[in-house]
Amino acid sequence: MSVPNPANANPRALTGVVAEAADALSSLTDANIRIIQDITGRMKILALNALIEAARAGEHGRGFAVVAGEVRSVSTQIADVASELQQSLGGRIDTLKEATEQMAAQARADRLVDLALNAIEIADRNLYERTCDVRWWATDAAVVDCAAGPTAGAVDYASKRLGVILSSYTVYLDLWLCDLAGRVIANGRPDRYQVVGAQVGHEPWYARGRNLASGDDYAVADINSCALLKGAQVATYVASVREGGDTRGKPIGVLAVHFDWEPQSRAIVQGVRLTPEEAARTRVMLVDAKRRIIAASDGHGILASDFGLKAEGRPSGNYTDSSGRLVAFHVTPGYETYRGLGWYGVIEQLPL
């Protein structure tokens, strides 16, 4: 699943253009000011020589001495103006370059925030579909009949039915039908996962599913590694199986769908569109409400490390951490009726 990427403008390209223009303007200014300084220097020398000659001429050179003095005065004023111009323009050019660098840095940060939002939105849209799937399949006749009376025939038929579903939905590792005592009574891939008879009543997802108010509701557990699924990372969504398949009927079981989290999340964080140069110094992550890293583009720290996100109550933003990395983040906005789980898209980027 993909969505259009946010703005792809390269702020550094703009910075380079402005910097080159500013440098060219600075060089041109310096060159012209040097010409002015050279002219005023020559005028001063000429004025000095004229004063000397006027002094030698005595009374006859008095008028010329006045003119020479004025020339020297004007040349001094021109030199002062040139000096002030050099300082003023130089300062303004430096200010322009600094402002442009700041604008480029802000544009870069804003772009990373947009990319962080893009990543968490893709995850939300994907998981929204899981909430729909589990509630729909909990009303399947084979599932309802097996939960109501788990005979050998009903279990076999429910297992085959769950297997058919899995053949069309490759994002799931397995589907489990559990009774109200917390025991798995049927699953869709019994050849791969021998879980029938396993006690899962202690699992957080089961407890939440057991207490759902109606068949319209769903529950979900934190991302975890499931021993019964050979240690795979899963996002488990559950719904209540109800008598007669009626969403308001009496609860008779719990259906759990185990979303194959690792490859799906890896595709999200590695699919963020970055230039090769950016990708080499950038880490894209999904972080849960407990600040656990649940996906990372470099594959490090997943489910084993916490990320010290400094959101400070903000839904989105950016900051520079103590090591100079730019950190951009955005909390899940949810999707349709899926409110999200308080997760964040996070992008960490080293400076150039």
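Modeller: Two strands pair if DSSP finds at least two bridges between them, and strands (E, at least two residues) are DSSP runs numbered from the N terminus. This is a predicted model, in which local features need pLDDT of at least 70 and side-chain atom pairs count only at pLDDT 80 or more, while totals for chains, interfaces and linings use all residues. Residues are numbered from 1 along each chain as its sequence is written, and side-chain values use heavy atoms, with hydrogens and water left out.

Biologist: Ok, which residue stands opposite V287 in β8?

Modeller: That is I293; β7 and β8 (residues 293–296) pair in the antiparallel sense over 3 bridges. In their hairpin, which has 5 residues between the strands, R291 takes a positive phi near 70°.

Biologist: And how many bridges join β7 to β11?

Modeller: There are 6 bridges between β7 and β11 (residues 344–349), and these two strands run antiparallel, with V284 standing opposite I347 of β11.

Biologist: Which way do the residues of β7 point?

Modeller: T282, V284 and L286 point one way, whereas R283, M285 and V287 point the other way, and all are buried, where buried means under 20% relative accessible area with a 1.4 Å probe, protein chains only. In a regular strand the side chains alternate between the two faces of the sheet.

Biologist: Switching topic, where is D179, and why does it count as buried?

Modeller: D179 lies in the loop between β1 (172–178) and β2 (184–187), and D179 counts as buried because its relative accessibility is 14%.

Biologist: What is D179 in contact with?

Modeller: Leaving aside neighbours within four places in sequence, D179 is in contact (heavy atoms within 4.5 Å) with I185 and Y206.

Notes
Buried means under 20% relative accessible area, exposed over 50%, partly exposed in between (1.4 Å probe, protein chains only). Helices (H or I, at least four residues) and strands (E, at least two) are DSSP runs, numbered from the N terminus.
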